[in-house]
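I opened this structure for the first time today. Below are my notes on what I looked up.

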Amino acid sequence: LGLRSFLFDAVYENAIATSEFRKASGILSGLWEKLRERPGEYVDPRTIEQEGLDAAIRDFIAGMTDRFAVRLFEQLFIPKPWTE
């Protein structure tokens, strides 16, 4: 019972952790939509043909490191400065 209470307080219902989960969910959802729009730029066409688009994108996203996912999200969604 003590461990369960600790986990709910420190992890499952922790405000910082839940806000990070929402951020991660937003990143993954954004990547999913963008990759479905432009699969040929990211996913091997043979995988799409053999497994289907959704499975190919799912596997591509599942294989990403956190750092790679954030970097790709930034490339796809964050505007770049016009001047240096």
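Predicted model: local features only at pLDDT ≥ 70, side-chain atom pairs only at ≥ 80, totals over all residues.

**Aromatic pairs**

I searched the whole structure and found three aromatic pairs. Rings of Phe, Tyr and Trp (its six-membered ring) pair if their centres lie within 6.5 Å; planes under 30 degrees apart are stacked, over 60 edge-to-face, and the rest tilted. A pair of aromatic rings is described by the distance of the centres and the angle of the planes.

Residues are numbered from 1 along each chain as its sequence is written, and side-chain values use heavy atoms, with hydrogens and water left out.

**Helix H1**

Where do Phe 8 and Tyr 12 lie? Both are in helix H1, four residues apart, about one turn of the helix. Helices here are DSSP runs (H or I, at least four residues; strands are E, at least two), numbered from the N terminus. I then checked exposure: buried means under 20% relative accessible area, exposed over 50%, and partly exposed in between (1.4 Å probe, protein chains only). Phe 8 has 28% relative accessibility, so Phe 8 counts as partly exposed. Tyr 12 is partly exposed as well, at 46%.

**Helix H5**

Next I looked up Phe 73 and Phe 77, an aromatic pair that is stacked, with 4.6 Å centre to centre and 25° between the planes. About one helical turn separates Phe 73 and Phe 77, because they are four residues apart in helix H5. Phe 77 is partly exposed at 34% relative accessibility.

Helix H5 covers residues 66-77, and Phe 68 lies in it. Phe 68 has a relative accessible area of 35%, so I logged Phe 68 as partly exposed. I also looked up Ser 29: its C-alpha atom is 15 Å from that of Phe 68, and the two are 39 residues apart along the chain.

**Lys 34**

Is Lys 34 buried or exposed? Lys 34 is buried, because its relative accessible area is 17%. Its place is in helix H2, residues 15-37. Leaving out residues up to four places away in sequence, Lys 34 touches Leu 76 and Phe 77. Contact means heavy atoms within 4.5 Å.

**The whole chain**

I counted five helices and zero strands. From the N terminus on, the elements run α-α-α-α-α. The radius of gyration is 17 Å, well over the 12 Å that the globule rule gives for 84 residues, so the protein is more spread out than a compact globule. That radius is taken over C-alpha atoms, and the rule is 2.2 Å times the number of residues to the power 0.38. The C-alpha trace spans about 50 × 45 × 15 Å along its principal axes.

How many of the 84 residues count as buried? The share is 20%. Among contacts between residues at least 6 apart in sequence, 53% join residues at least 24 apart. The accessible surface comes to about 6700 Å², and 57% of it belongs to carbon and sulfur atoms. Accessible areas come from the Shrake-Rupley method with a 1.4 Å probe; for residues, only the protein chains shown count as cover.
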